[in-house]
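I opened this model to go through its packing and its surface. My notes follow in the order in which I looked things up.

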Amino acid sequence: MVSFITQKLLGEGSKETISITNACNWMSRCATGSNVALHKVAYQSSTYVYLNYDTSAGNAVDGNTNSRLEDNSCTHTITGDVNTWWLVDLLDVYEVTNVTLWNRDIVADRLQNLVLQVGSQLPVVLPIPQAELCTAFPGTVGAQVTLTCDAPVIGRFFIVRKVHVSGTDEYLTMCEVAVRGNLIKSDCGPQCLKAEVGKRFMTDNASKFVTVLSPAECASDCHRNIRCLGLNYEMSTGTCEMIYKLKPSVEQLTNAPGWKYYGYNIC
């Protein structure tokens, strides 16, 4: 459990400390440089059953790039699955920048016509709700390929979706997926909390304004929303400003009397 600490002035010379649980400060990027999908929980739209082969979704994040299906380190969906997808839960929120895909040693065309997305919730229907495009790859992957997102995309779930083209193989099979990006939001301890009194985080991206009763309620709402990456709170009006998008070129922390900014220092 995380304690999110702020203070409410009661009058001259007195103050009350409010403990907000299950919340964090959010805002700084923390570049990892490593594969953030490794050994995370993975899912796929269907799982192929053949002999005693293991073709489950988790094989693509086991750290093994072995390209032989019979060695039980590749994924494979079933025939007739024309809305094929594979997904990994990164567990924390990342700004995804690029991904590397490893293909099988044969039937390379089963990894083609791909759309790479980053989402905020598990897909139960298609199109995947609230998933944003990382990039598209209309060709066929060779032994491996590294793809860079058209623009960094923020989310928790990384998705590989195969666009079915009539007359082509509908299977989706991969032997490893490596996702790279910057950590944005995570469960953290009190050591990473940082409140800026008299400050407001400004960005040109859309923010959500909600009038609430307390900063605790504001932080709690933000914490429950996976897409909320930080917040500003105006003490006199109870206005909570939730920040959903980041652009480094325009972000700035400005002087704003009466406001408090809660940012996330995870590095």
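**Contacts of Leu-101**

I began with Leu-101 and left aside its neighbours within four places in sequence. Leu-101 is then in contact with Leu-111, Leu-114, Val-141, Ala-143, Gln-144, Val-145, Val-160, Met-174, Glu-176 and Val-177. I note that the model is predicted.

**Cores**

I next looked up the largest nonpolar core, which has 31 residues. Trp-86, Leu-101, Leu-114, Phe-158, Val-177 and Val-179 touch the most other members. Two or more residues each come from strand 5 (85-102), strand 6 (112-119), strand 7 (132-140), strand 8 (144-162) and strand 9 (176-185). Strand 5 contributes the most, with seven residues. I also found a second, separate core of 10 residues, with Cys-228, Tyr-233, Cys-240 and Tyr-244 among them.

**Ile-184**

I then checked Ile-184, which is found in strand 9. Is Ile-184 buried or exposed? Its relative accessible area is 0%, under the 20% cut-off, so I put Ile-184 down as buried. Ile-184 and Asp-92 are 92 residues apart along the chain, and their C-alpha atoms are separated by 7.8 Å.

I turned to strand 12 (residues 230-234) and asked how many of its residues are buried. Five of its five residues are buried. In general, side chains in a regular strand alternate between the two faces of the sheet.

Strand 12 runs antiparallel to strand 13 (residues 239-243), and five bridges join them. Asn-232 stands opposite Glu-241 in strand 13. The two strands form a hairpin with four residues between them. In the turn, I read a positive phi of about 70° for Gly-238.

**Surface patch**

I looked for nonpolar side chains on the outside and noted a patch of Val-41, Tyr-43 and Leu-122. Together they have about 230 Å² of accessible area. Val-41 lies in strand 4 (residues 41-44). Its relative accessibility is 42%, between the 20% and 50% cut-offs, so Val-41 counts as partly exposed.

**Whole protein**

The protein has one helix and 14 strands. Buried residues are 49% of its 267 residues. For contacts between residues at least 6 apart in sequence, 74% join residues at least 24 apart. The accessible surface is about 12300 Å², and carbon and sulfur atoms account for 52% of that surface.

Methods
Residues are numbered from 1 along each chain as its sequence is written. This is a predicted model: local features need pLDDT of at least 70, side-chain atom pairs count only at pLDDT 80 or more; totals for chains, interfaces and linings use all residues. Side-chain values use heavy atoms; hydrogens and water are left out. Buried means under 20% relative accessible area, exposed over 50%, partly exposed in between (1.4 Å probe, protein chains only). Contact means heavy atoms within 4.5 Å. Accessible areas come from the Shrake-Rupley method with a 1.4 Å probe; for residues, only the protein chains shown count as cover. A nonpolar core is a set of buried Ala, Val, Leu, Ile, Met, Phe, Trp, Tyr and Cys residues joined through side-chain atoms within 4.5 Å. Patches are made of residues with over 30% relative accessible area and no salt bridge: like charges are joined within 9 Å, nonpolar side chains (Val, Leu, Ile, Met, Phe, Trp, Tyr) within 5 Å. A salt bridge is a side-chain nitrogen of Lys or Arg within 4 Å of a carboxyl oxygen of Asp or Glu. Two strands pair if DSSP finds at least two bridges between them.
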